[in-house]
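Colleague: I would like a close look at the aromatic residues in this model. Please take them pair by pair, then move on to what surrounds them.

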Amino acid sequence: MTPAFILRNFFSLVLRRELRFQFDRAPLLASNISTKKLLNLVRTGVNRVFPVSRALGYPYMAHVSPSGICDLRCDVCPAHDPRAEGKALLPFETYRRLIDEIGEYLIYVILWSWGEPFLNPDLGRMISYARERNILTVTSTNMDRFSAGQAGEVVEAGLDLLIIALDGTTEETHSRYRRGGSAARVIENTRRLVEERRRRGRDKPFINLRMVVSRENEHQVEDFRSLAAELGVDMVSFKAFSTRQQGHVDPRVDKRYAPDREAFRWYRYEQGYSVDRKPAKYDCRFPWTKPTLFADGQVLACEYDFCYTLPLGNLNERSFREIWFGPRARNLRKKFIKNRDSIPFCRDCVFDYKLIEGCVVDWDILRK
């Protein structure tokens, strides 16, 4: 949410106390926004324009990892990187500590990171706890181990948006990247959730069936659209395959996975599949707007700091206020302002040099 976005929505925010926005092209509506949240949005907006080492407000969004472990083994995912930290399930008490302290400022919370969130038995409680405090909730799942009980739980909890990862319409294509996964299980579990939502007479969660487009599945894009419509989900989307992150900045990875069609590419490539650096670098403000809470309680400035290069502090040991406004966070922001490329997880930022806005290259809203 840039200052320009806040200005465009000023009257809706002030007069109606609501905010319409998109998350990965999916529509979200925040309503009954309190004066405290509104003023905090303005303060974080000032930080976007004038990024100084001191945070002027609390974050308006939070990235929370309910699970740092996963049941699948995707090739370039940090969940199985031996250097990655936070391989645990987030205790509900740690999550509650975060929401109790900053929930009155949050517009929405993202409930996933590098693991599979539905492996955490407390995920439903986490969704409900946020919703009770008028915080929108978003999560993403590989849908491989999704039970009938979980379908009812997420509908009752009031999850706002669910992104379902299915990387192909056949077993062969889906499992090439999502090793250990089953397309048939994802499809069946998606049907189960759509039916459970219908049976309970609810319109949430808004369900986005998403394919990460790679060279191995781009030939199934149109079949995927048809499948999404047949399943009765609300949205179908196609995400560009991203490769740049710590330990994976390797042209050989791009050469293997980048789609042949440039319309589905994250980057433009030079000869040898090195990334063309002419496009602009990402105008990042995450150190002021979006902390990441990993499953072991560590608070990071970015989810891509999965090796804990510059941890800000542990929520099990200190308050969020001490962490967010403390010396470690200020020093990181100083370092970020002075030379972002001096920070390892920033130097290899996946959002730098990309051709697209966001990460979704194509989408259709199937239910208005």
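Modeller: Start with Tyr95. This is a predicted model, and in it Tyr95 is buried, with a relative accessible area of 0%. How are the two rings of Phe92 and Tyr95 arranged? Their centres are 6.1 Å apart and their planes meet at 45°. That angle falls between the limits of 30 and 60 degrees, so the pair Phe92 and Tyr95 is tilted.

The structure holds 26 aromatic pairs. Another of them joins Tyr58 and Tyr105. Here the ring centres are 4.4 Å apart and the planes are at 15°, so this pair is stacked. Which parts of the chain does the pair link? Tyr58 is in the loop between helix H3 (35-49) and strand E3 (61-64). Tyr105 is in the loop between helix H4 (92-102) and strand E5 (108-111). The two tyrosines are 47 residues apart, and the pair links distant parts of the chain. Tyr58 and Tyr105 are both buried.

Next, the cluster. Trp114, Trp266, Tyr267, Tyr269, Tyr273, Tyr282, Phe286, Tyr304, Phe306 and Phe351 form one aromatic cluster. One of its members, Phe286, also has a charged neighbour: Lys290 lies over the face of Phe286, at 4.1 Å from the ring centre. A charge sits over a second ring as well. Arg133 lies over the face of Tyr129, at 3.6 Å from that ring's centre.

Now the helix packing. Two packed helices are described by the angle between their axes and the distance between the axes. For helix H8 (residues 183-199) and helix H9 (residues 221-231), the angle is about 35° and the axes are 10 Å apart. Helix H8 makes the contact through Ile187, Thr190, Arg191 and Val194. Helix H9 brings Leu227, Glu230 and Leu231. By class, the contact has four nonpolar, one polar and two charged residues.

Last, Ala165. This residue is in strand E7 (residues 161-165). Is Ala165 buried or exposed? Its relative accessibility is 10%, so Ala165 counts as buried. Leaving aside neighbours within four places in sequence, Ala165 is in contact with Thr141, Asn142, His174, Arg178, Val186 and Arg210. Asp341 is 176 residues from Ala165 in sequence. In space, the two are 31 Å apart, C-alpha to C-alpha.

Key:
Residues are numbered from 1 along each chain as its sequence is written. This is a predicted model: local features need pLDDT of at least 70, side-chain atom pairs count only at pLDDT 80 or more; totals for chains, interfaces and linings use all residues. Side-chain values use heavy atoms; hydrogens and water are left out. Rings of Phe, Tyr and Trp (its six-membered ring) pair if their centres lie within 6.5 Å; planes under 30 degrees apart count as stacked, over 60 as edge-to-face and the rest as tilted. Helices (H or I, at least four residues) and strands (E, at least two) are DSSP runs, numbered from the N terminus. Buried means under 20% relative accessible area, exposed over 50%, partly exposed in between (1.4 Å probe, protein chains only). A charge sits over a ring if NZ of Lys or CZ of Arg is within 6 Å of the ring centre and within 35 degrees of the ring normal. Axes are lines fitted to C-alpha atoms, for helices over the stretch in contact, and angles run from 0 to 180 degrees between N-to-C directions. Contact means heavy atoms within 4.5 Å. Ala, Val, Leu, Ile, Met, Phe, Trp, Tyr, Cys and Pro count as nonpolar, Asp, Glu, Lys and Arg as charged, and the others, Gly among them, as polar.
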